[in-house]
Amino acid sequence: MMARAIQLAWRGRFSTHPNPRVGCVICVGDEVVGEGWHERAGEPHAEVHALRAAGERARGATVYVTLEPCSHYGRTPPCADALVKAGVSRVVVAMTDPNPSVAGRGLKRLGDAGIEVAEGVLSTEAESLNPGYLYRMRSGRPLFRVKVAASLDGRTAMASGESQWITGPAARRDVQRLRAMSDAILTGVGTILADDPSLTVRPDDMGDLHEAVPPGPQPQRIILDSQLRTPPTARVLTTGPVWIFCSDAVADSEAARKLTARGARIQPLPCVTGRVDLLNVARAVAEAGINEVLVEAGPTLAGAVVAAQLADEFWLYQAPVFLGSDGRPTVDLPLTRMADRKFWKVRDRRQIGDDLRLILTPAAVVA
């Protein structure tokens, strides 16, 4: 039953952020009488959908839910109270919620009402539902994924900057799904000036998946632009919320006023060696409730994220082509000694069309 709840939770993978993905199943004996999942932020949680489906049959039933029911008022009432009111007899949770607003209070509320509580069922699988949410609650910063499309010789563009398209259609569809799972997409002003991207989720490019699991709102776009060189005519400003981090020195400039008039949110931050400090960006983004940040940038910013030890995952789409020795590197990461090497562990390897996709996580230093 918990496996089914986890399966249901995955249906919200494109639409619940910044809320966690949660699934719920209600049973009487071996019979499922209600099930549901959290579909969109601000709308009823998984438990409420399942209780509505179960109706009066929820009384005395067992509830399986992938995350501890909330115990506080947010945009919706507490789910723990809804379960108590429904008269369920037992609640099985995969894991407790590390959110300080919950953190065991939901389970205590159920226990105080005389409801039997069990936890830790398929907890590892439940953790995989919400890596960004859990990481932010535990560490105080979002999960950063760096996405790079590269050739066999490790190049992301020709020396001229030309890069469309290195990978094939299947890999590009996969990237659209990755974008849809992200709360925000982070890039640098260099990419904005060179490519004028929109950085949006294009549902029609997601294949059949977008019909089964419609994406939610567009991810917030974040631009690191210390001197505010982003043109007011940039396409990214026409397709949803944009947050631009810049130097304190230009926060009151004419460029800032023009970008604000175009709907951009200007956020001044201290700079280090002329660049916006990435650790300050991570803190500001976490305070805004953003869980998962997808970095789609050139080698300079991608390398800076790796150097700052902010790259929690590295998604490499490798195409079976050569771009030549003059092409641009995967990351700009000046290293001079073997001892400075950055080690990664392959977490997932699979074929996506004609391309290879590797998902890597930082590994311990090898002596």
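Q: How much space lies in the second largest pocket?
A: About 630 Å³. Keep in mind that this is a predicted model.

Q: Which residues lie nearest the centre of that second largest pocket?
A: Trp 10, Arg 145, Met 181, Trp 315 and Arg 347. They belong to a lining of 24 residues.

Q: Which helices and strands each supply at least two residues of that lining?
A: Two helices do, H6 (131-139) and H7. The strands are S6, S15 (313-318), S17 (344-352) and S18 (355-362).

Q: How do the residues of that lining divide by class?
A: There are 12 nonpolar and 11 charged residues in the lining of the second largest pocket.

Q: OK, now the largest pocket. What volume does it have?
A: About 1,500 Å³. Its lining has 50 residues.

Q: Which of them lie nearest the centre?
A: Thr 191, Asp 195, Glu 296, Ala 297 and Gly 298.

Q: And which elements each supply at least two lining residues there?
A: On the helix side, H7 (169-180), H8 (189-195), H11 (278-287) and H12 (299-307). On the strand side, S6 (143-150), S7 (155-157) and S13 (275-276). S6 and H7 are also on the list for the second largest pocket.

Q: How does the lining of the largest pocket divide by class?
A: 22 nonpolar, 16 polar and 12 charged.

Q: What is phi of Leu 199 near?
A: Near 55°. That is a positive value in a residue other than glycine. Most residues of that sort have a negative phi.

Q: Where is Leu 199 found?
A: In the loop between H8 and helix H9 (209-212).

Q: Switching to helix packing. At what angle do the axes of H2 and H3 cross?
A: Roughly 20°, and the axes come within 9 Å. That makes H2 roughly parallel to H3, since angles under 35 degrees count as such. H2 covers residues 46-54 and H3 covers residues 79-86.

Q: Is that crossing left-handed or right-handed?
A: H2 passes H3 in a left-handed crossing.

Q: Which residues meet there?
A: From H2, Glu 47, Val 48 and Leu 51. From H3, Cys 79, Ala 82, Leu 83 and Ala 86. The contact has 6 nonpolar residues, 1 charged and no polar.

Q: Then H3 and H4. At what angle do they pack?
A: About 20°, with their axes 9 Å apart. So H3 is roughly parallel to H4. H4 is residues 105-112.

Q: Left-handed or right-handed?
A: The crossing of H3 and H4 is right-handed.

Q: And which residues meet between H3 and H4?
A: Ala 80, Asp 81, Leu 83 and Val 84 in H3 meet Gly 106, Arg 109 and Leu 110 in H4. This contact has 4 nonpolar, 2 charged and 1 polar by class. Leu 83 is also among the H3 residues that meet H2.

Methods:
Residues are numbered from 1 along each chain as its sequence is written. This is a predicted model: local features need pLDDT of at least 70, side-chain atom pairs count only at pLDDT 80 or more; totals for chains, interfaces and linings use all residues. Side-chain values use heavy atoms; hydrogens and water are left out. Axes are lines fitted to C-alpha atoms, for helices over the stretch in contact, and angles run from 0 to 180 degrees between N-to-C directions. Helices (H or I, at least four residues) and strands (E, at least two) are DSSP runs, numbered from the N terminus. Angles under 35 degrees count as roughly parallel, over 145 as roughly antiparallel, 65 to 115 as roughly perpendicular and the rest as oblique. A crossing is left-handed if the near helix is turned anticlockwise from the far one by less than a right angle, and right-handed if clockwise. Contact means heavy atoms within 4.5 Å. Ala, Val, Leu, Ile, Met, Phe, Trp, Tyr, Cys and Pro count as nonpolar, Asp, Glu, Lys and Arg as charged, and the others, Gly among them, as polar. On a 1 Å grid over the protein atoms alone, a cavity is a set of points where a 1.4 Å probe fits but cannot get out, and a pocket is an open set with protein on both sides within 12 Å along at least five of seven lines; lining residues have an atom within 4 Å of a point. Grid points are joined across faces, edges and corners, and a volume is the space filled by probe spheres set on the points.
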